[in-house]
Amino acid sequence: MKRSFILLVFALLFASDSFAQRDSTQEDAKRTTLTLAGIYGNNANYYGQTAEQKLPYVLTNASLRLKSGLYFSAGSYKLINAGGSAISELDLSAGFETDISKNFNAAFGYSRSIFAKNSPLLGAANENTLSASLAYDLNIFKTGLNTYYAFGTQRDLFMSFSASKALNLGSLFSKNDFISFEPGLELVGGTLHYREEYIVRRDRPLNPMPIDPNRTNRELNYRITRDASSFDMISYNMNFLLGYNRSHYLIETGWQISALGKNVSESKQKARSFFNLSLYYQF
């Protein structure tokens, strides 16, 4: 889930590019903005992986981006199938985003996550994340290189490379709106200490996590074939975003297909599919 939140922060920052397509000057795009977001997801996504049970969620987030490039963000997750009304995860984030050149920008950030007791989330071992991101727009498509150092109960390093193309499909109702479509590819590699911690927490007899009654054999699902400290491919992801844009808000649906690397895959290497529906409003 942590990975989803970090990506959301970057999405909120760079979503200003979509909102700014209707602005008349580049100066307007660099103003101080407050963006509110509400997202439904059909399953918690941690670098293309899922926990043993399906975990649909609702995420609410607020992100303040100053004209200087500093940003602050806060978000909360509620797992729909978790009992009670308590928040399942609270995330706080701060960082800095800057343009190195016209088509090249960078972002650096830190996020702190507070998880509910007995959390079933796959990445709950890593409560802190330092992130660095480089994005270069080649005009034909946009590329990104991201690094995440996650630490807490365990320590893990993740790196990803992405390539995407944002397309304007034209207006739907008037010249004040447009439909956007953005297909993309992402490759993710990293270490696997968080998975070992997940298995320990899952099997702890005095502190059990909620278990899916229809689960398949655990040993088949969570067999680590190499040392957790080795850096290996985690997932290969294809993403498709379809959005309805106006000057201050964006309604977007997203679909992601993830195939796992050999080091983390189930015996049949079954692909994962994620769907989300998002609403962003920017002041």
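Analyst: First a term: two strands pair if DSSP finds at least two bridges between them. Helices (H or I, at least four residues) and strands (E, at least two) are DSSP runs, numbered from the N terminus. The model is predicted, so local features need pLDDT of at least 70 and side-chain atom pairs count only at pLDDT 80 or more, while totals for chains, interfaces and linings use all residues. Residues are numbered from 1 along each chain as its sequence is written, and side-chain values use heavy atoms, with hydrogens and water left out.

User: OK. How many helices and strands does the protein have?

Analyst: There are five helices and 13 strands.

User: In which sense do β7 and β8 pair?

Analyst: Strand β7 (residues 142–151) and strand β8 (residues 155–164) are antiparallel, with ten bridges. Three residues sit between β7 and β8, and the two strands form a hairpin.

User: And which residue is the bridge partner of A150?

Analyst: A150 is bridged to D156 in β8.

User: How many bridges are there between β8 and β10?

Analyst: Seven, and that pairing of β8 with strand β10 (residues 178–190) is also in the antiparallel sense. There, F158 stands opposite G190 of β10.

User: What does F158 touch?

Analyst: Contact means heavy atoms within 4.5 Å. Leaving out residues up to four places away in sequence, F158 touches residues including Y46, Y47, A150, G190, Y194 and I234.

User: Which residues touch the most other members of the largest nonpolar core?

Analyst: A nonpolar core is a set of buried Ala, Val, Leu, Ile, Met, Phe, Trp, Tyr and Cys residues joined through side-chain atoms within 4.5 Å. Buried means under 20% relative accessible area, exposed means over 50%, and partly exposed is in between (1.4 Å probe, protein chains only). The largest core has 27 residues, and those touching the most other members are Y46, Y47, L55, L121, F158, Y194 and I234. Two or more residues of this core come from each of β1 (33–41), β2 (57–65), β3 (70–79), β7, α4 (193–203) and β12.

User: What about N139: buried or exposed?

Analyst: N139 is exposed because its relative accessible area is 56%. N139 lies in the loop between β6 (128–137) and β7, and its phi is also positive, near 75°.

User: Change of topic. How many salt bridges are there?

Analyst: A salt bridge is a side-chain nitrogen of Lys or Arg within 4 Å of a carboxyl oxygen of Asp or Glu. The structure holds two. In one, R65 pairs with E97, and the closest N and O atoms are 2.4 Å apart. This pair links distant parts of the chain, with R65 in strand β2 and E97 in strand β4 (residues 89–101), 32 residues apart.

User: Why do side chains pair like that?

Analyst: Side chains of opposite charge can pair when their charged atoms come close.

User: Why does R65 count as buried?

Analyst: R65 counts as buried because its relative accessibility is 6%. E97 is buried too, at 4%.

User: Which side chain meets D177?

Analyst: R246 does, in a salt bridge of 3.8 Å, N to O. Here too distant parts of the chain are linked: R246 is in the loop between β11 and β12, and D177 is in the loop between β9 (167–168) and β10, 69 residues apart. R246 is partly exposed, with a relative accessible area of 24%, whereas D177 is buried at 0%.
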